[in-house]
Amino acid sequence: MTTFQDIFKSSFLENVASVSLLDMAIALVLAFGLGVFIFLVYKKTFSGVMYSSSFGVTLIALTMITTLVILAVTSNVVLSLGMVGALSIVRFRTAIKEPLDIAFLFWSIAVGIVLAAGLIPLAVIGSVVIGLVLLVFVNRKSHNDPYIIVVQCDGQESEQSVRSFLAQQVLRCVTKSKTVQRGAVELNMEVRLKRDDTSFVNALTELPGVRSAVLVSYNGDYMG
């Protein structure tokens, strides 16, 4: 027989103490600290065109939010099943412009999951190792990195002079696109430098018939 007290009895209040305040405090403080570390590594290794500070703050928030969710899931098996169903309907529409940003997003999520699972040494040591790897390889500069050089010249003769000159000055020269107008030719070519020296561009502009030359870094997004 249902009594008056059974009507107001709620299992919601029974879950209040399922996660201790000390566990929550330690997990969220560590999540914030590692989130800041991920943010600093992202800021140091960013090599895109436009730096977004909001994405860096998102990495911190994502680490803490993931920790919060996993703490709730690990405290209640029934809640974990409901959480899976709730998260399965979530769709994110924000486009990721830089491939490396995906690695930082997964890094933040993974740290939040590992911290909430209580594997604190794994989260800390793993984050330090990942951060060092990113700092070493992302910031490494090489004169062998590809560049795009855009040359505007008068006609076919000056075009041949440009090609001959570049063949002597760079390791590799591949035409990406060629635009021809009356009395003008524009060449877009991928080049790889012999050494970290771009003074050959100055000499290129002094060739007969060459109007201008622009050398830009090539990150693989060029469509030609």
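**Confidence.** I began by reminding myself that this is a predicted model. I looked up the average pLDDT and found 78 for the protein, with 75% of the residues scoring at least 70. I then went through the elements: helix H7 (residues 120-138) has the highest mean pLDDT, 90, while helix H1 (residues 4-8) has the lowest, 48. I noted that residues 6-10 have a pLDDT below 50, and that beyond near neighbours in sequence this stretch has 3 contacts in the model.

**Helix H3.** Next I checked the length of H3, residues 21-45. Its 25 residues, at 1.5 Å a residue, should span 36 Å, and the end C-alpha atoms are 36 Å apart, so the two agree. I also listed the buried residues of H3: Ala27, Ala31, Leu34, Gly35, Ile38, Phe39, Val41, Tyr42 and Thr45.

**Cores.** Which residues have the most contacts inside the largest nonpolar core? I found Ile149, Val151, Val162, Leu166, Met189, Phe200 and Leu204, in a core of 17 residues. I traced at least two core residues to each of strand E1 (146-153), helix H8 (156-169), strand E3 (184-193), helix H9 (200-205) and strand E4 (210-217). E3 gives the largest share, 5 residues. Apart from this core I came across another, of 14 residues, including Val41, Leu59, Leu115 and Leu134.

**Val151.** Last, I looked up the contacts of Val151, leaving aside neighbours within four places in sequence. Its partners are Val162, Val185, Glu186, Leu187, Met189, Leu204, Val210, Ser212 and Ala213.

Definitions and conventions:
Residues numbered from 1 in each chain as written. Predicted model: local features only at pLDDT ≥ 70, side-chain atom pairs only at ≥ 80, totals over all residues. Heavy atoms only, no water. Core = buried A, V, L, I, M, F, W, Y, C linked by side-chain atoms within 4.5 Å. Buried < 20%, exposed > 50% of the residue type's maximum accessible area, 1.4 Å probe, protein only. Helix = DSSP H or I, 4+ residues; strand = E, 2+ residues; numbered from the N terminus. Contact = heavy atoms within 4.5 Å. pLDDT = per-residue confidence, 0-100. Expected span 1.5 Å × (residues − 1).
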